[in-house]
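Please keep the sequence and the 3D view at hand while reading.

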Amino acid sequence: MPAVLASGCGSNQSITNPVTEPAREIDTLWWSMFAVAMVVFAVVVALLVLAYVRRRRDDNSDPDGRMAYAVVVGGGMVAPVVVLAVLLVFVIRVMPAVSAPAPGSTDMTIQVTGHQWFWEVRYPGTAAVTANEIHLPANTRVNVVARTADVIHSFWVPRLNRKIDMIPGRTNRIELDVGRTGVYRGQCSEFCGLGHAQMAFDVVVQPPDAFRAWLARQAQPAGEPSSEPAVSGEQAFLSSSCGDCHTIRGTSANGTIGPDLTHLGSRRTLAALTLRNTTSSLYHWITNPQAYKPGARMPGFASLPASARRAIAAYLESLR
Ligand code: CUA
């Protein structure tokens with residue numbers, strides 16, 4: 001049990017393992033609420049034990065009911081109001097640290113759009129579009145503009161800041177400013193359908209130079225494949241209706257239903273962190289996505305010859 005608890009608290013997706021100032025404020029708030037809740041719990045248990053110990057006393061020690069009245073008014077009304085008022089003060093103290101950044105106060109803006117069930121990430125001012133992997137420069141105030149393409153999702157990277165809902169017809173914003181480079185796991189935290197649990201993403205925080213190089217690369221169109229099987233993979237991709245749902249910039253594939261695949265080979269994972277990004281897992285994914293992510297909008301392509309599926313996987317992995 002202690003091991004389970006400790007692994008939960010120290011994991012890469014835990015509010016009790018904060019790396020930014022807002023996340024530290026939330027962590028402190030969480031422990032404060034936990035402490036208060038433990039005190040209340042201890043008092044209630046003590047009263048319960050007391051009632052049990054004294055259960056057989058039938059002397060009439062409270063003839064006019066004053067004691068019972070004090071317990072009901074004090075324990076049932078005054079104490080909850082006091083406790084909740086104190087917790088409210090704690091919460092109000094944390095709110096400024098986690099509120100949306102003032103317009104124009106940040107260094108850069110990214111747009112994150114929730115889809116059933118993946119995250120679309122755009123970098124305004126560049127052509128870069130990626131999915132399920134948000135790269136950010138370290139020590140930079142980033143304005144995250146959160147929207148949804150369909151139902152309500154919730155954008156949450158517990159180690160970096162609070163949750164922010166993605167609501168149809170609305171635009172919500174949150175600030176990410178991460179000092180420490182690293183990879184931080186995020187997760188959709190509003191039930192959004194069958195693929196909800198498999199709607200995760202990584203926030204990759206890089207030194208600013210490395211981030212700029214990454215962004216410049218992502219903004220480029222896809223390169224032409226130069227060797228087999230990638231060359232025939234591109235042909236198979238373009239002739240097998242993949243482009244109706246997916247975009248590969250620089251080719252005729254311009255669908256917008258699924259993730260942009262222009263630089264798929266550069267990503268760490270497939271299907272919103274469901275699979276590691278390897279040619280082999282991509283091949284299996286193309287063959288039968290439902291086996292790995294039930295409900296995924298992508299149909300299986302088991303009807304294609306295995307050689308074509310293999311070639312498509314090789315082509316997509318070559319898109320770095
Ligand atoms: Cu998207 Cu839950």
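## A covered strand and its sheet

Strand S10 is mostly covered, since 7 of its 7 residues are buried, where buried means under 20% relative accessible area, exposed means over 50%, and partly exposed lies in between, with a 1.4 Å probe and protein chains only. The model is a predicted one, in which local features need pLDDT of at least 70 and side-chain atom pairs count only at pLDDT 80 or more, while totals for chains, interfaces and linings use all residues. Residues are numbered from 1 along each chain as its sequence is written, and side-chain values use heavy atoms, with hydrogens and water left out.

Helices (H or I, at least four residues) and strands (E, at least two) are DSSP runs numbered from the N terminus. In a regular strand the side chains alternate between the two faces of the sheet. In S10, Ala 200, Asp 202, Val 204 and Gln 206 point one way and Phe 201, Val 203 and Val 205 point the other way, and all are buried.

S10 belongs to an open sheet of 3 strands with the order S4-S10-S9 and mixed pairing; two strands are taken to pair if DSSP finds at least two bridges between them. Strand S4 (133–137) and strand S9 (182–187) stand at the edges with a single partner strand each, so one side of each is left without a neighbour in the sheet. From one strand to the next the twist averages 25°.

Strands of a sheet pair through backbone hydrogen bonds, either parallel or antiparallel. S9 and S10 (residues 200–206) run antiparallel and are joined by 6 bridges; Gly 182 has Val 205 as its bridge partner in S10, and Gly 186 stands opposite Phe 201. S4 and S10, by contrast, pair in the parallel sense over 5 bridges, with Leu 136 having Val 205 as its bridge partner and Pro 137 standing opposite Gln 206.

Is S4 covered on its faces or open? Both faces of S4 are covered, with Glu 133, His 135 and Pro 137 on one side and Ile 134 and Leu 136 on the other, all of them buried. Helix H4 (residues 208–219) lies across S4 and S10 and runs at about 135° to S4; contact here means heavy atoms within 4.5 Å, and such angles run from 0 to 180 degrees between N-to-C directions, with axes fitted as lines to C-alpha atoms, for helices over the stretch in contact.

## A second sheet

A further open sheet has 5 strands in the order S3-S2-S1-S5-S8, and the pairing is mixed. Its edge strands are S3 (129–131) and S8 (172–176), each of which pairs on one side only. Strand S1 (residues 108–115) and strand S2 (residues 118–122) pair in the antiparallel sense over 5 bridges, and His 115 stands opposite Phe 118 in S2.

## Salt bridges

A salt bridge is counted when a side-chain nitrogen of Lys or Arg is within 4 Å of a carboxyl oxygen of Asp or Glu, and by this rule the count comes to 7 salt bridges. The table gives some of them.

| Pair | Closest N and O atoms |
|---|---|
| Glu 21 and Arg 24 | 3.3 Å |
| Glu 120 and Arg 122 | 2.5 Å |
| Arg 249 and Asp 260 | 3.4 Å |

Arg 249 and Asp 260 both lie in the loop between H5 and S11, so the pair ties together parts that are 11 residues apart in sequence. Arg 249 counts as buried at 15% relative accessibility, and Asp 260 is buried at 9%. Glu 21 and Arg 24 both lie in helix H2, 3 residues apart, about one turn of the helix; Glu 21 is partly exposed, with a relative accessible area of 46%, and Arg 24 is partly exposed at 36%.

## Surface features

Helix H2 (residues 21–53) also holds Phe 34, which counts as partly exposed at 33% relative accessibility. Phe 34 is one of the residues of a nonpolar surface patch, together with Trp 30, Trp 31, Met 38, Phe 41, Val 45, Val 49, Tyr 52 and Val 53, and the patch has about 900 Å² of accessible area in total. Patches are made of residues with over 30% relative accessible area and no salt bridge, with like charges joined within 9 Å and nonpolar side chains (Val, Leu, Ile, Met, Phe, Trp, Tyr) within 5 Å; accessible areas come from the Shrake-Rupley method with a 1.4 Å probe, and for residues only the protein chains shown count as cover.
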